[in-house]
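Open your viewer and get ready to click along. We will go from stop to stop, selecting a few residues each time and reading what is there.

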Amino acid sequence: TWAANTIIDRRARKTVDTVNKYANIVNSSPGQFESALDDVDAMIDAAGLPLDVADKQKSTARAALARSAVYGQMESNPGGVLKQLQAGQWDDYLDNDVKISAVNAAQGEIKRRESEARQNAALARAENFQDAADLATSDLMARRFTGKGVSAEDVDRIKAGFTPKQWEKYQSQAAKMDATFKVTGDMR
């Protein structure tokens, strides 16, 4: 009895180790979920475990592989995973607590990405504004002292970086600088 139980325990540990390896594979390549599940089921069947132990291992393996597949997709496609979870695609494999955690993780990742996109857009707007402001300053100084502004391409960049109100103010200042140069140029 002791020898038989030891053999069963040893086979059960080997199947758990194999399931962990497959879970890592599925996490890296979620598209392999079905084939990994088939391989694990076949491996457990071939292990010669008692029926109750084999059933428990299959159930645990299915949940582990599904969890790995879901979380493996989370990084590349959180919106798709969320839709799959909400549609019940993983209900046969995941218990409710794991499903809720996965839904929360997917929603969190989606919100994080949206926040990051908003921050990147705000940073880009700020950089565009700063570039436009620097060009506008150069343009206004050049107009005042030389009577010539920056190139038309740079004026387009100024306009793109400014809000309509800032652009209007810039145009007003540019007109004043042109007038200032004309007066000082005439006085010379």
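**Stop 1: a pair in helix 5**

Select Asp-139 and Arg-143: both sit in helix 5, four residues apart, which is about one turn of the helix. Helices here are DSSP runs (H or I, at least four residues), numbered from the N terminus. Before going on, note that this is a predicted model, in which local features need pLDDT of at least 70 and side-chain atom pairs count only at pLDDT 80 or more, while totals for chains, interfaces and linings use all residues. Residues are numbered from 1 along each chain as its sequence is written, and side-chain values use heavy atoms, leaving out hydrogens and water.

Now show the side chains of Asp-139 and Arg-143: they meet in a salt bridge, 2.8 Å from N to O. A salt bridge is a side-chain nitrogen of Lys or Arg within 4 Å of a carboxyl oxygen of Asp or Glu. Are Asp-139 and Arg-143 buried or exposed? Both are buried. Buried means under 20% relative accessible area, exposed means over 50%, and partly exposed lies in between (1.4 Å probe, protein chains only).

**Stop 2**

How many salt bridges does the structure hold? There are nine. About one helical turn separates them, because they are three residues apart in helix 5. Glu-109 is buried, with a relative accessible area of 12%, whereas Arg-112, at 39%, counts as partly exposed.

Next, go to helix 6 (residues 152-161) and pick Asp-154 and Arg-157, three residues apart and so separated by about one helical turn. Their side chains form a salt bridge of 3.3 Å, N to O. Asp-154 is buried at 17% relative accessibility, and Arg-157 is partly exposed at 43%. To finish this stop, select Glu-75, Glu-109, Arg-112, Arg-113 and Glu-116: salt bridges that share partners join them into one network.

**Stop 3: two helices side by side**

Two packed helices are described by the angle between their axes and the distance between the axes. Colour helix 3 (residues 51-74) and helix 5 (residues 96-146): they pack at an angle of about 5°, with their axes 10 Å apart. The axes are lines fitted to C-alpha atoms over the stretch in contact, and angles run from 0 to 180 degrees between N-to-C directions. Helix 3 and helix 5 are therefore roughly parallel, a label for angles under 35 degrees.

Which residues make the contact? On helix 3, select Arg-67, Val-70, Tyr-71 and Met-74; on helix 5, select Val-98, Ser-101, Ala-102, Ala-105, Ala-106, Glu-109 and Arg-113. Contact means heavy atoms within 4.5 Å.

**Stop 4: aromatic rings**

A search of the whole structure finds six aromatic pairs. Rings of Phe, Tyr and Trp (its six-membered ring) pair if their centres lie within 6.5 Å; planes under 30 degrees apart count as stacked, over 60 as edge-to-face and the rest as tilted. Select Trp-167 and Tyr-170: the ring centres are 5.2 Å apart and the planes are at 35°, so this pair is tilted. Both residues lie in helix 7 (residues 164-187), three residues apart, and both are buried.

**Stop 5: a glutamine**

Last, click Gln-84 in helix 4 (residues 78-87). Gln-84 counts as buried, at 18% relative accessibility. Leaving aside residues up to four places away in sequence, Gln-84 touches Gln-73, Gln-89 and Trp-90.

Notes:
Helices (H or I, at least four residues) and strands (E, at least two) are DSSP runs, numbered from the N terminus. Angles under 35 degrees count as roughly parallel, over 145 as roughly antiparallel, 65 to 115 as roughly perpendicular and the rest as oblique.
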